[in-house]
Amino acid sequence: MFRCLWAGADGLAETCTTRLNYFLIQRFAGLGSVGLLDAGTKISESVWNISRSVSFIEYSSVAKTSEATEQKRITLQLFKLTFCALALVMGCILLVPEWIYTDYLFSAEFKGIRKVIGGLSIGIVALGCNSIISHYFIGSGKIRYSTASSCVGLIALLISGFLLIPSYGVVGSAITTSIAFTAMLIFSLSVFMRQTATTFLELIPNRNDREYLKLKYKDRRKAS
């Protein structure tokens, strides 16, 4: 019962964190800015398909084992893989010139969308990585930490939103989102590292991670 309550609170807090910005930008910058923020958000959020797929794999793997060291190993490897993949894809999106959006994908009314995507970029990568840590908490029966992370993000969003959006408009809203998502990741990582005795160096991709990916790739080719 308590697990369901924590899960419900987690989902509600995360939804509010990802969507409350629309209400703040409408209040402080007008309805027109909402469309610009929404377009930039949808383009940026497309990279989350990577972290969603990895999170599903991680949750299944972590839930199947009760060994803390194995749960830690799985989470760290998938965390580093997700970070590298998200950073690479987000970097490619940031290289797209603005005229592609204004002349082909949308219209001239969406001028400034590149600044919005730039403001969102760090947060998009942060939330994607945070989903890996959150699914570790969920899969290992520590869902309350995932809920706490979402609440931290919501508080950070409210504080930074009221400070930045009135002055910087839609770009301030994008930066607010990044601040909230980064706060969630910092909280989740600090809890994870403390509970699993993980050092900062273990978060950096290394040769073992590359060898692991090569092995998995070879296994998939053999299976197909």
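This is a predicted model: local features need pLDDT of at least 70, side-chain atom pairs count only at pLDDT 80 or more; totals for chains, interfaces and linings use all residues.
Ala68 is exposed, with a relative accessible area of 52%; here exposed stands for over 50% relative accessible area, buried for under 20%, and partly exposed for what lies in between, using a 1.4 Å probe and protein chains only. This residue sits in helix H4. Ala68 and Thr196 are 128 residues apart in sequence, yet their C-alpha atoms lie 7.8 Å apart in space.

Residues are numbered from 1 along each chain as its sequence is written, and side-chain values use heavy atoms, with hydrogens and water left out.

Now for the overall picture. The protein chain has eight helices and zero strands, where helices are DSSP runs of H or I with at least four residues, strands are runs of E with at least two, and numbering starts from the N terminus. Read from the N terminus on, the elements go α-α-α-α-α-α-α-α. Of the 224 residues in the chain, 45% count as buried. The chain exposes about 12200 Å², and carbon and sulfur atoms supply 65% of that; accessible areas come from the Shrake-Rupley method with a 1.4 Å probe, and for residues only the protein chains shown count as cover. As for contacts (heavy atoms within 4.5 Å), take the pairs at least 6 apart in sequence: 77% of these contacts join residues at least 24 apart.

Next come the helix pairs, starting with H3 and H4. Helix H3 (residues 48-64) and helix H4 (residues 68-94) pack at an angle of about 175°, with their axes 10 Å apart. Axes are lines fitted to C-alpha atoms, for helices over the stretch in contact, and angles run from 0 to 180 degrees between N-to-C directions. H3 is therefore roughly antiparallel to H4; angles over 145 degrees get that label, those under 35 count as roughly parallel, 65 to 115 as roughly perpendicular, and the rest as oblique. On the H3 side, Ile50, Ser51, Val54, Glu58, Ser61 and Val62 take part, and they meet Gln71, Ile74, Thr75, Leu78, Thr82, Ala85, Leu86 and Val89 in H4. Sorted by class, this contact has eight nonpolar, five polar and one charged residues. For these classes, Ala, Val, Leu, Ile, Met, Phe, Trp, Tyr, Cys and Pro count as nonpolar, Asp, Glu, Lys and Arg as charged, and the others, Gly among them, as polar.

The other pair is H6 and H7. The axes of helix H6 (residues 113-139) and helix H7 (residues 143-196) come within 9 Å and cross at roughly 20°. That angle makes H6 roughly parallel to H7. The contact of H6 with H7 has 23 nonpolar, 13 polar and one charged residues.

The loop between H6 and H7 is worth a look too. Gly141 has its place there and is partly exposed, at a relative accessible area of 42%. Gly141 and Val62 are 79 residues apart in sequence but 9.9 Å apart in space, C-alpha to C-alpha. Lys142 is in the loop between H6 and H7 as well, and with 23% relative accessibility, Lys142 counts as partly exposed. Leaving out residues up to four places away in sequence, Lys142 touches Tyr136, Phe137 and Gln195.

Leu95 is in the loop between H4 and helix H5 (98-105), and counts as exposed at 69% relative accessibility. Leu95 and Arg114 are 19 residues apart in sequence, and 9.3 Å separates them in space, C-alpha to C-alpha. Ala197 lies in the loop between H7 and helix H8 (207-223). Although Ala197 is not a glycine, its phi is positive, at about 55°. Ala197 counts as exposed, at 58% relative accessibility.
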